[in-house]
Amino acid sequence: MDSTEFRKRGMEMVEYICTYLETLNERRVTPSVEPGYLRHLLPSEAPQEPEDWDQIMSDVEDKIMPGVTHWQHPRFHAYFPAGNSFPSILGDMLGDGIGCIGFSWAASPACTELETIVLDWLGKAIGLPDHFLALKEGSTGGGVIQTSASECVLVTMLAARAQALKRLKAQHPFVEEGHLLCKLMAYCSKEAHSCVEKAAMICFVKLRILEPDEHASLRGQTIYEAMEEDELQGLVPFFVSTTLGTTGSCAFDNLPEIGKQLQRFPGVWLHVDAAYAGNSFICPELKPLLKGIEYADSFNTNPNKWLLTNFDCSTLWVRDRIRLTSALVVDPLYLKHGYSDAAIDYRHWGVPLSRRFRSLKLWFVLRSYGISGLQHYIRHHIKLAKRFEELVLKDKRFEICNQVKLGLVCFRLKGSDKLNEKLLSIINESGKLHMVPASVNDRYIIRFCAVAQNATAEDIDYAWDIIVDFANELLEKEQHDELSEIINRKKQDTLAQKRSFFVRMVSDPKIYNPAINKAGTPKLSMELPSPVVSRGNAPIIRTQSSVDHNSWISWPLAFLFNSGNNEDKGNNVSLRFRHLDTNVRHSSSRRNSGAGSSPSPENEQELVNVQQEQKSPRKSPMVMRKASSARDNPN
Ligand code: PLP
């Protein structure tokens, strides 16, 4: 394709995109295809010879589009919004056209400098403290664009880990880093995004997953008690990830309380994940939701969720950029340049070396809409969510399950989880509306999020009508099924009774000698097995702490310590996966061997302690040493 044809095809593509977005509501919101559908439509080899562009585009419509879930559809209410707008699309297009890879200032100075400036703009608009802004006089912090919120959480955890290890190493210079590492403990709420758990897996650290309060908010006292308990057991708290706007129900951890409590644990890194909600803080009336940010070491939000910016654009700010980069710096000669000391090199701020010119699209968005336009967009979505909430509240068969502060409404039919699962399933199967579930306070709820940029009140009313129609149909069917079930059960019971009476007539003396009946029958014991979750060094361990909240310890890489041969079937380890809510038996042979572990006397001691601790019901069944000496000697 030469530039003459690119001009022509480019215009056609813009036309195609506009028509696609303008006529989206004529399509099913979700595709009705089965896994592997595309394999049957496309050849198994790439074409040897060039193909005609028209043919390629016709395949887009005929083969690709039938398998697309339309996230910009006015009936798409799942997850959180996928940011999208024309200025952003144009920004990405220009970035792709320029095609630079801005890993260092020298690799493309504008790419780096625009990122720094735009992140300062957005940070100020959100209301972040000055120490997060790179260009503020005396500031040591700054902002960077990452690919995703998961990456923001990962790099901050990596930075916190490096800092904690450095501190521990200074205190215990002759102890190997590996031994220090196994003492580190990170913390988050049960409502935190699963990316925190994934980050802990990658960082090879333990993560304690704490129970939030009845509003799905993690409280300061909970975190304080957990950390204090862990310290007494010789562990080293080093990282806390809080959430403002949880994925499940858009709940807010109590940041002021947590921040205050963390003052008692100097050196612990406090991260704030506000992937969705953080964007809304550009509205002055929503800034109170950011209260407590002065305690934070880092903060992330995704403009690619709720600020009309296309994926990928996840913005991260840190209080101290040296603490971040010192965990990630590698400096081969071929990447050095003459301004290394004077300029920002974003390759030290994240995992990948190569970086796209992502700040262009955010710059285009901020300039085209202005902060006022973006505030209008956020407020519009909140208004739509409030409208939906009102509709739900008017129907007494439904209930609201979250505090609707932003654009997410969690609701359910009053009734069983199964009923709500069925409702969501038939709605989604219809392709008329798309929502996803979540578990809030251990109940199955349906999430309805205001998503489409230009959604109207009519769209919300229409969505509610669809929900009500399906709910009516389901409840009617349920009533009918229940009735048929009662009748069937009655029929079966009567038949069974008749049969049993006949059998007993001929075999059981009680049936014709009532005196025997008076002696009574012993009651059946219905004792349930106690919910023991932890066995051995389980990756996620339910703790029975002296604190009255429950928590889980995610120790995802513990399986490495059990990966020897499988001959000894008696030494099974029970693993508990938080998100599956199930126990899986993991067979292992040697108690303390296999890849990743050093079979040292210390490790032997640890395992013995684990087993001993489990016998004590009041303490957390986690690896620990003698509590009194643990602080002085983390080995
Ligand atoms: N954190 C929160 C609070 C989220 O809601 C999400 C996704 O919805 C994530 C993290 C993960 O985001 P990403 O896909 O950018 O990694």
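Me: How many salt bridges does the structure hold?

Reply: It holds 32 salt bridges. A salt bridge here is a side-chain nitrogen of Lys or Arg within 4 Å of a carboxyl oxygen of Asp or Glu. Before we go on, a word on the source: this is a predicted model, where local features need pLDDT of at least 70, side-chain atom pairs count only at pLDDT 80 or more, and totals for chains, interfaces and linings use all residues. Residues are numbered from 1 along each chain as its sequence is written, and side-chain values use heavy atoms, with hydrogens and water left out.

Me: Which residue forms a salt bridge with Arg 356?

Reply: Asp 96 does, with the closest N and O atoms 3.5 Å apart. This pair links distant parts of the chain, 260 residues apart: Arg 356 sits in the loop between α11 (321–325) and α12, Asp 96 in helix α3. Those labels are DSSP runs numbered from the N terminus, helices being H or I with at least four residues and strands E with at least two. Both residues also belong to a salt-bridge network that links Asp 92, Asp 96, Asp 312, Arg 356, Arg 358 and Lys 361.

Me: Is Asp 96 buried or exposed?

Reply: The idea is a cut-off on relative accessible area: buried means under 20%, exposed over 50%, and partly exposed in between, with a 1.4 Å probe and protein chains only. At 52%, Asp 96 counts as exposed, while Arg 356 is partly exposed at 32%. Across the 635 residues of the protein, 49% count as buried.

Me: How do I read helix α3 itself?

Reply: Start with the general idea: an α-helix has 3.6 residues a turn, so residues three or four places apart point the same way. Now the case here: α3 covers residues 86–98, and its 13 residues reach 18 Å from first C-alpha to last, close to the expected 18 Å. That expected span is 1.5 Å times one less than the number of residues. Its buried residues are Pro 87, Ser 88, Gly 91, Asp 92 and Gly 95.

Me: What covers the buried residues of α3?

Reply: The cover includes α12 (359–394). It is worked out from contacts, meaning heavy atoms within 4.5 Å.

Me: Where does a salt bridge tie two loops together?

Reply: Take Glu 211 and Lys 190, whose closest N and O atoms are 3.1 Å apart. Glu 211 lies in the loop between β3 (206–210) and α8 (220–232) and Lys 190 in the loop between β2 (184–189) and α7, so the pair ties together parts 21 residues apart in sequence. Another case is Asp 297 with Arg 319, at 3.8 Å from N to O. Here Asp 297 is in the loop between β5 and β6 and Arg 319 in the loop between β7 and α11, so parts 22 residues apart in sequence are tied together. Asp 297 is buried at 9% relative accessible area, whereas Arg 319 is partly exposed at 23%.

Me: Which residues does Ala 296 touch?

Reply: Leaving out residues up to four places away in sequence, Ala 296 touches His 131, Phe 132, Leu 270, Val 272 and Arg 319. Ala 296 is buried, with 0% relative accessible area.

Me: How should I read backbone angles?

Reply: Most residues other than glycine have a negative phi, and most peptide bonds are trans. In this model, Leu 308 has a positive phi near 60°, and Leu 308 lies in the loop between α10 and β7. Leu 308 is buried at 2% relative accessible area. That loop, between α10 (303–306) and β7 (314–318), also holds Asp 312, and a cis peptide bond joins Phe 311 and Asp 312, with omega about 5°. Asn 441 has a positive phi too, near 50°, in the loop between β10 (436–440) and β11 (443–449). Asn 441 is partly exposed, at 43%.

Me: What follows α3?

Reply: Gly 99 does, and its phi is positive, near 60°. Just after α7, Phe 204 takes a positive phi of about 60°.
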